[in-house]
Amino acid sequence: VLAEMFVPLAKEKRKNREQMNLELKRQFEYMSKFPLPLRMPKYAELTAHKWGFSLTFRDDAWDGTVLDAFCKISVTKSLLGRVSVTKQHGQSRGIRSIVDVGSSKPNGRGQIDISRPRVIVASISPEGGQQGIMVGDVVSHVNGTQFYGTASDLVKKISSKSDGELLTFAFNADAAVAEALRRRWLLSNPKRSK
């Protein structure tokens, strides 16, 4: 009698597992076809301290392409103290489709602007890491204002703050990411994009 009670429960559990697996497969296929940029926008609040700040910065340059939004930026420091920046572009059919939609040149890099200087995060303390900031994130806004400048300009701005003063940052809210998200939407909504 007990076995008869558990058979329907086991069948329902198996059916639920199959439905969950099917949904996960659909989600994976969708994300493969329409991937999100590697550097998604994020917001953080960090405190200025006289003894130092929770992030260090490095000058970098944006190449003016949409492909940059799908780029992993790494910052490493050698034993001799030499800092280097490495950029590894993501490569998949989905990324290629997003970069190419709306581009005049297929199989290009999705050029949307000229090359411009920018500032990236070079290292992070636990305070910054707890807020999801990662090495290679692009500093796009400070205290609600779009940031244009160098790493030393940013350090001066932070140093001018009082001990304990809160600073707000937006990271990766740049033209490459915005355009990648717009093109992703166009690609995933073909009827709405016309």
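Modeller: A salt bridge is a side-chain nitrogen of Lys or Arg within 4 Å of a carboxyl oxygen of Asp or Glu. This is a predicted model, in which local features need pLDDT of at least 70, side-chain atom pairs count only at pLDDT 80 or more, and totals for chains, interfaces and linings use all residues. Residues are numbered from 1 along each chain as its sequence is written, and side-chain values use heavy atoms, with hydrogens and water left out.

Colleague: How many salt bridges does this rule give?

Modeller: The count is twelve.

Colleague: Which residue does aspartate 60 pair with?

Modeller: Aspartate 60 pairs with arginine 118, with 2.8 Å between the closest N and O atoms. The two are 58 residues apart, aspartate 60 being in strand β2 (residues 55–62) and arginine 118 in strand β5. Helices (H or I, at least four residues) and strands (E, at least two) are DSSP runs, numbered from the N terminus.

Colleague: Are those two buried or exposed?

Modeller: Aspartate 60 and arginine 118 are both buried; buried means under 20% relative accessible area, exposed over 50%, and partly exposed in between (1.4 Å probe, protein chains only). Both also belong to a salt-bridge network that includes Arg39, Asp68, Lys87 and Asp174.

Colleague: What about aspartate 63?

Modeller: Aspartate 63 forms a salt bridge with arginine 109, the closest N and O atoms being 2.5 Å apart. Aspartate 63 is in the loop between β2 and β3 and arginine 109 in the loop between α2 (93–100) and β5, so this pair ties together parts 46 residues apart in sequence. Aspartate 63 is partly exposed at 23% relative accessible area, and arginine 109 is partly exposed at 36%.

Colleague: Changing topic, what is the volume of the largest pocket?

Modeller: The volume is about 340 Å³. On a 1 Å grid over the protein atoms alone, a pocket is an open set of points where a 1.4 Å probe fits, with protein on both sides within 12 Å along at least five of seven lines; lining residues have an atom within 4 Å of a point. Grid points are joined across faces, edges and corners, and a volume is the space filled by probe spheres set on the points.

Colleague: Which residues are closest to its centre?

Modeller: Of the 17 lining residues, the closest to the centre of the largest pocket are Arg116, Pro117, Gln146, Tyr148 and Asp174. Strand β5 gives the most to this lining, with four residues.
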